[in-house]
Amino acid sequence: MTNPAIVRRPEQSEGPALPCRPEQSEGPAPRPHSTSPPRFAYARLATAADRGAWSVERDVRWTDVDAERAHARPELLAQLRDAALIESYHPVHLAWMLDEVWDDVDACVAVSLELYEGFKHFHALRSYLDAVGYAPAITDAEIVACRARARRVGPSGTLVVRLVEFMLSEHLASYFFRRVGEQAEDPVLADLLALIAADEVRHAQAASDLIAARIAREPALIAVVLDAALDFHHFGEQVVDDVPVAFPGDPLAIRSFARRIERLCGVRLVDHIKGRL
């Protein structure tokens with residue numbers, strides 16, 4: 001399914017060069033005035049979100065949903081129900097994170113975008129499950145109960161450890177939604193999951209960039225990141241008993257998991273494991 005096209009204005013011509021007056025011939029020519037906004041570090045995140053933007057109401061072909069084909073794979077629907085509950089949990093664990101990064105403008109943007117887009121994923125998945133009549137339906141009371149259980153426990157680990165957890169959870173989520181979309185019988189569901197998977201790729205990269213910035217300021221954090229990757233637990237474990245996995249032991253997801261950490265830290269996970277023995 002194609003996202004709405006983003007229309008770009010053509011570059012404005014600066015027009016023909018004007019001859020310099022004698023008193024202006026010395027020194028560099030003045031720079032033309034630019035009306036473009038200044039480029040902040042967080043602008044790339046915002047630009048990527050704009051380019052990948054899609055609408056639950058306009059970009060999902062709700063009138064073409066095929067409930068019969070959807071129910072041909074009930075195990076996939078059950079997994080998507082758990083995935084929707086995990087997405088509904090963001091206001092708890094990301095709220096903790098947002099409270100800790102209030103003085104980091106880039107991090108605040110990354111977390112805020114994830115809060116919104118995570119809600120969109122939850123809204124879209126819940127709407128699809130309701131559209132095909134999947135039971136049991138997700139209820140608001142169930143969502144609140146999941147959040148309440150997590151709040152009683154509270155956040156665990158340092159901010160960097162939880163950023164690693166978030167980055168790798170989003171990384172694996174991108175593979176999960178892509179794989180389930182490939183198995184889906186209903187084309188509408190396949191298109192929806194492709195949109196969600198693309199968002200998850202951006203979210204994982206945003207978290208990776210935040211970690212990289214911290215490593216640049218404090219190289220000793222490399223060991224913390226490597227240890228957190230080895231001890232990784234999906235944040236969805238705080239919501240559901242079993243985090244849904246499309247293909248258990250997916251070799252591509254596992255290899256890319258390790259490569260992401262290696263690119264971030266400059267150290268192979270396998271070498272770090274040897275160092276811990």
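**Entry 1: the overall fold**

I read the elements from the N terminus on, and they run α-α-α-α-α-α-α-α-α-α-α. The tally is eleven helices and zero strands. I note here that the model is a predicted one.

I then asked how much of the chain is buried. The protein has 277 residues, and 43% of them count as buried. The exposed surface comes to about 15,800 Å², with 56% of it supplied by carbon and sulfur atoms.

I also looked at how far apart in sequence the contacting residues are. Among contacts with a separation of 6 or more, 85% are between residues 24 or more positions apart.

**Entry 2: the largest nonpolar core**

I looked up a general point before this step. In soluble globular proteins, nonpolar side chains tend to be buried together.

Which residues of the largest nonpolar core touch the most other members? I found Phe177, Val225 and Ile261, out of 73 residues in that core. The elements that give two or more residues to the core are α3 (74-87), α4 (90-100), α5 (105-131), α6 (140-153), α7 (159-183), α8 (187-217), α9 (221-230) and α10 (251-265). The largest share is from α8, with twelve residues.

I picked Phe177 and listed its contacts, leaving out residues up to four places away in sequence. Phe177 touches Leu80, Ala83, Glu87, Leu125, Leu193, Ile196, Ala197 and Glu200.

I stayed with helix α8 and checked Val188, which lies in it. Is Val188 buried or exposed? Its relative accessible area is 3%, under the 20% cut-off, so Val188 counts as buried. Leaving aside neighbours within four places in sequence, I found Val188 in contact with Val60, Arg61, Asp64 and Val65. I also looked up a pair distance: the C-alpha atoms of Val188 and Trp62 are separated by 7.6 Å, although these residues are 126 residues apart along the chain.

Asp199 also lies in helix α8. I read 2% relative accessibility for Asp199, so this residue counts as buried. Not counting residues up to four places away in sequence, Asp199 touches Gly52, Trp54, Glu117, Lys120 and His121.

**Entry 3: a loop residue and a pocket**

Where is His234 placed? I found it in the loop between α9 and α10. I had to check its burial separately. His234 has a relative accessible area of 13%, so it is buried despite being in a loop.

The side chain of His234 reaches the backbone nitrogen of Gly236 at 2.8 Å. Leaving aside neighbours within four places in sequence, His234 is in contact with Ile86, Ser169 and Val243.

His234 came up again when I turned to the second largest pocket. This pocket holds about 500 Å³ of space. It is lined by 28 residues, and the closest to its centre are Leu172, Ala173, His234, Pro244 and Val245. The elements that give two or more residues to its lining are α3, α7 and α10. Of these, α7 gives the most, with seven residues.

**Entry 4: cavities**

How many cavities of 30 Å³ or more are there? I counted three. The largest cavity has about 80 Å³ of space. Its lining is made up of His93, Trp96, Met97, Pro155, Ser156, Arg162, Glu165, Phe166 and Gln238. The elements that give two or more residues to this lining are α4 and α7.

I checked Gly157, which sits in the loop between α6 and α7. Is Gly157 buried or exposed? Its relative accessibility is 53%, and the cut-off for exposed is over 50%, so Gly157 counts as exposed. The C-alpha atoms of Gly157 and Ala228 are separated by 9.3 Å, and the two are 71 residues apart along the chain.

Last, I looked at Pro136, in the loop between α5 and α6. Is the peptide bond from Ala135 to Pro136 cis or trans? I found it to be cis, with omega near 5 degrees. I noted it down because most peptide bonds are trans.

Conventions:
Residues numbered from 1 in each chain as written. Predicted model: local features only at pLDDT ≥ 70, side-chain atom pairs only at ≥ 80, totals over all residues. Heavy atoms only, no water. Helix = DSSP H or I, 4+ residues; strand = E, 2+ residues; numbered from the N terminus. Buried < 20%, exposed > 50% of the residue type's maximum accessible area, 1.4 Å probe, protein only. Contact = heavy atoms within 4.5 Å. Areas by Shrake-Rupley, 256 points an atom, 1.4 Å probe, with all protein chains shown as cover. Core = buried A, V, L, I, M, F, W, Y, C linked by side-chain atoms within 4.5 Å. Polar contact = N/O pair within 3.5 Å; in protein donor to acceptor, adjacent residues only side chain to side chain. 1 Å grid on protein atoms, 1.4 Å probe; cavity = no way out; pocket = protein on both sides within 12 Å on 5 of 7 lines; lining within 4 Å. Points joined across faces, edges and corners; volume = space filled by probe spheres on them.
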